[in-house]
Structures are given as structure tokens and as C-alpha cells.
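Please have the viewer open beside the text.

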Amino acid sequence: MLKLLKFELIHSYRSFALVFVIFLMGCATLPLFPLDVFAIASVLLVFATFGITIAVFVTIVRNYNSSMFKKPGYLTLTLPVSSHQIVISKIISALIWFTITGIVLSFGLFIMFLVLGLKSGAEIDFGMIFNAIAQQLKYLRLDDYLELFKLLVRGIIISITSVTGIYALVTIVQTKYTRKHKVVIAFVIYFIYSFILSLLTQNIFGVNTNLYPYTEDVLFNVTTLINIVQFVVYYFITIYVLDYKLELE
């Protein structure tokens with residue numbers, strides 16, 4: 001498993017490294033431009049931040065598709081490991097890259113404001129900044145930490161579920177039943193499934209932001225349960241197709 005994960009990270013880092021370096025360089029150099037150029041560039045940087053997040057997600061999916069169902073797939077699927085190990089290693093790898101992406105984006109924005117402050121002649125005392133943060137953390141109650149923990153857990157579950165769902169969708173169309181128009185079929189399956197899921201969550205579980213009668217904790221538990229159920233379904237669909245229905249190009 002660890003060797004698979006290491007291979008996944010080494011194989012995919014080239015796809016992300018250049019994007020991250022360009023983003024960090026842009027954050028460091030933008031404040032050095034004149035104010036009017038900086039204002040326009042800052043707006044573009046905000047869009048770039050969302051764009052990078054989407055690009056990372058697309059790259060993860062593309063790497064999964066190419067490493068599993070293109071020429072490298074013959075090597076991947078003949079390794080002396082189970083389908084479970086392959087899929088789990090790819091899910092963990094995706095989660096790691098999402099985490100790294102969040103860190104890089106946050107660090108880039110920090111660099112931009114730091115350079116902007118230095119350019120304006122402000123004296124930046126990191127010790128004072130960290131002390132101020134520490135003082136603010138002292139005012140947080142146990143409930144606040146629990147809320148932060150819940151948000152973290154929910155974010156991880158949603159990320160894993162989203163990635164596994166796309167993996168399942170990409171895998172489903174790699175069978176003898178879908179030899180042509182795979183992209184179109186994948187979109188049709190996605191929209192049909194999304195429509196059915198929306199009906200189920202609203203009518204069976206009652207998860208509706210306008211009408212939902214329960215507390216925020218209950219809403220959190222129900223939505224988390226829905227995501228976990230989706231993950232289990234996506235995961236075993238992926239494994240089943242890989243083991244019994246897969247047809248490589």
C-alpha cells in the first residue's frame with residue numbers, strides 16, 4: 001500500500017508542481033506592480049485560485065483515467081496487489097494533493113500580503129503576529145474547537161466522496177457496454193444520478209435548507225451519513241467493475 005501511494009505521489013507531482021510554482025511567483029510579484037495594475041491582477045488572482053482548485057481536481061481525475069485505462073493501465077492492473085489497494089492508494093493520494101493545494105494557496109496569499117506590507121513600508125513583527133493569534137485562540141471554547149473539528153471531518157468526507165464518485169463514474173464507462181461515446185454516457189449517468197439523489201435527499205431524508213425542521217447538529221449528522229453511504233456505494237461499484245467488468249482499450 002505504501003509503495004503504491006509513494007508511486008502515485010511521485011507519478012503525479014509533475015502535474016502540480018509547475019502550477020504551484022507559477023502561483024507562488026505570481027503572489028510574490030503582483031504587489032510590486034503599480035496600484036492600478038495590482039488591483040486588476042488581484043481580481044484575476046482570485047479567479048486563478050478557484051481555477052487552480054478545479055485544475056487540481058481535473059488533473060487527479062485525468063491521472064486516474066490514464067493510469068488505469070490507458071496503456072499504463074496494463075501495468076497498474078497486473079501489479080501483485082488487489083483492486084482495493086489500488087483504489088485506496090489513489091483516494092489517499094487525491095486527499096493529500098487537495099491538502100497540499102489548500103496549503104499552497106493559503107501560503108501564496110500570505111506571501112502577497114507580506115510583500116504588499118513591506119512595499120508600503122510597514123514594519124512586520126512576526127512575533128507580535130503569532131502572539132496575537134495565540135491570544136485569540138485562548139478565547140476559543142471547547143464548543144468552538146468541536147465545530148472546527150466537525151468542519152474538518154465534513155470537508156474530508158466530502159472530498160473523499162467526490163473523488164470516489166468521479167472514480168466510479170470514470171470506471172463505469174470502461175466496460176463492453178460503453179465502447180463508444182464514453183464521455184457523453186458519463187455525463188448522462190452523472191445528471192440522472194444527481195437528479196435521483198436530489199429527490200431522495202429532499203423527500204426521504206428531508207434535507208432542505210428552507211424547510212428542514214431539525215437542529216444544525218442533526219443536519220450535520222444526516223448529511224455526513226448521506227456522504228458516507230455515497231462513498232461506500234461509489235467505492236464498491238469501482239471495485240466491482242475493475243474486478244469483473246473492466247475492458248481496456
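How many cavities of 30 Å³ or more does a search of the whole structure find? The search finds two. Grid points are joined across faces, edges and corners, and a volume is the space filled by probe spheres set on the points.

Before going inside, please note that this is a predicted model, in which local features need pLDDT of at least 70 and side-chain atom pairs count only at pLDDT 80 or more, while totals for chains, interfaces and linings use all residues. Residues are numbered from 1 along each chain as its sequence is written, and side-chain values use heavy atoms, with hydrogens and water left out.

Now for the overall layout. The protein chain has eight helices and zero strands; helices (H or I, at least four residues) and strands (E, at least two) are DSSP runs, numbered from the N terminus. The chain averages a pLDDT of 78, and 80% of the residues score at least 70, where pLDDT is the predictor's confidence in each residue, from 0 to 100. Confidence is lowest in helix 5 (residues 126-138), at a mean of 66, and highest in helix 6, at 85. Of the contacts with a separation of 6 or more, 79% join residues 24 or more positions apart; a contact means heavy atoms within 4.5 Å.

The largest cavity holds about 80 Å³ of space. Its lining includes Glu8, Phe16, Ile60, Tyr64, Lys90, Trp97 and Tyr167. Helix 1, helix 2 and helix 4 each give two or more residues to this lining, and helix 4 gives the most, with four. By class, the lining divides into six nonpolar, three polar and two charged residues. Here Ala, Val, Leu, Ile, Met, Phe, Trp, Tyr, Cys and Pro count as nonpolar, Asp, Glu, Lys and Arg as charged, and the others, Gly among them, as polar.

The second largest cavity has a volume of about 30 Å³. Among the residues that line this second cavity are Leu4, Phe7, Glu8, Ile86 and Lys90, and the elements giving two or more residues are helix 1 and helix 4.

Which residues touch the most other members of the largest nonpolar core? They are Phe20, Phe23, Ile60, Tyr64 and Tyr167, out of 28 residues in the core. A nonpolar core is a set of buried Ala, Val, Leu, Ile, Met, Phe, Trp, Tyr and Cys residues joined through side-chain atoms within 4.5 Å. Buried means under 20% relative accessible area, exposed over 50% and partly exposed in between (1.4 Å probe, protein chains only). In soluble globular proteins, nonpolar side chains tend to be buried together. Ile60 touches Phe16, Ala94, Trp97, Phe98 and Tyr167, leaving aside residues up to four places away in sequence. Of the 249 residues of the protein chain, 31% count as buried. One of the residues in helix 2 is Met68, which counts as buried because its relative accessibility is 0%. The C-alpha atom of Met68 is 8.8 Å from that of Thr171, although the two residues are 103 apart along the chain.

Finally, the pockets. The largest pocket has a volume of about 470 Å³. It is lined by 18 residues, with Val61, Leu169, Val170, Val183 and Ala186 nearest its centre. Helix 2 provides the largest share of this lining, six residues. The lining of the largest pocket has 12 nonpolar, two polar and four charged residues.

The second largest pocket contains about 390 Å³ of space. Closest to its centre, among 18 lining residues, are Gly165, Ile166, Tyr190, Tyr193 and Tyr234. Helix 6 gives the largest share of this lining, eight residues. By class, the lining of the second largest pocket has 12 nonpolar, six polar and no charged residues.

Technical notes
On a 1 Å grid over the protein atoms alone, a cavity is a set of points where a 1.4 Å probe fits but cannot get out, and a pocket is an open set with protein on both sides within 12 Å along at least five of seven lines; lining residues have an atom within 4 Å of a point.
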